Amino acid sequence: MADVPEPTVLASDYFQSYSVVGLLALVGVLFVAVAFGAGRLLRPVVPTPEKLLTYECGVDPVGEGWAHTQVRYYVYAFLYVIFAVDSIFLFPWATVFAAPGYGATTLVEMFIFLGFLAVGLLYAWKKGVLAWA
């Protein structure tokens with residue numbers, strides 16, 4: 001069998017592939033900048049008192065334009081999203097755990113993962129975030 005030379009990877013080939021990605025990113029940024037600039041130059045700017053009022057579904061605004069929302073509702077939503085996304089990771093774990101040869105390692109990794117979740121939940125509970133008041 002004849003000696004087949006091994007293919008060599010040149011640094012120029014390596015950086016050329018990244019230059020394509022960089023060029024595409026630059027074109028994307030320029031496209032967005034040109035679109036925003038054109039919108040700013042072409043839009044009509046005619047402020048009137050009616051346009052500067054706060055719009056509330058066709059009803060004249062009453063009181064301040066500032067609404068106070070308690071932060072705890074955002075915290076509940078944030079905790080829900082965290083635990084919903086984390087629970088999604090349990091389904092692939094169950095599939096891998098059922099496969100032969102992955103049992104003990106997968107089980108240890110999942111208990112570490114659940115431990116992190118438990119520490120986060122304990123932290124939120126100790127801070128009083130979970131108290132509905």
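1. Of the 133 residues in the protein chain, 5% are buried, where buried means under 20% relative accessible area, exposed means over 50%, and partly exposed lies in between (1.4 Å probe, protein chains only). The model is predicted, so that local features need pLDDT of at least 70 and side-chain atom pairs count only at pLDDT 80 or more, while totals for chains, interfaces and linings use all residues. Residues are numbered from 1 along each chain as its sequence is written, and side-chain values use heavy atoms, with hydrogens and water left out.

2. The protein chain holds four helices and zero strands, and its elements run α-α-α-α from the N terminus on. Helices (H or I, at least four residues) and strands (E, at least two) are DSSP runs, numbered from the N terminus.

3. The accessible surface of the protein chain is about 12200 Å², and 74% of this belongs to carbon and sulfur atoms. Such areas come from the Shrake-Rupley method with a 1.4 Å probe; for residues, only the protein chains shown count as cover. Among contacts (heavy atoms within 4.5 Å) between residues at least 6 apart in sequence, 52% join residues at least 24 apart.

4. Helix α2 covers residues 71-88, which is 18 residues; at 1.5 Å a residue it should span 26 Å, and its end C-alpha atoms are 26 Å apart, in agreement. The expected span is 1.5 Å times one less than the number of residues.

5. Which residues of α2 are buried? They are Tyr-76, Leu-79 and Asp-86. Seen down the axis of α2, the buried residues fall within an arc of 105°, so they line one face of the helix; the arc is that of the directions from the helix axis to the C-beta atoms. An α-helix has 3.6 residues a turn, so residues three or four places apart point the same way. On the other side of α2, Tyr-74, Phe-78, Tyr-80 and Ile-88 are exposed.

6. Two further residues of α2 deserve mention. Tyr-73, in helix α2, is partly exposed at 42% relative accessibility, and its C-alpha atom is separated by 9.8 Å from that of Val-129, 56 residues apart along the chain. Ser-87, also in helix α2, is partly exposed with a relative accessible area of 29%. Ser-87 and Leu-117 are 30 residues apart in sequence and 9.9 Å apart from C-alpha to C-alpha.

7. Leu-26 lies in helix α1 (residues 11-42) and is partly exposed, with a relative accessible area of 48%.
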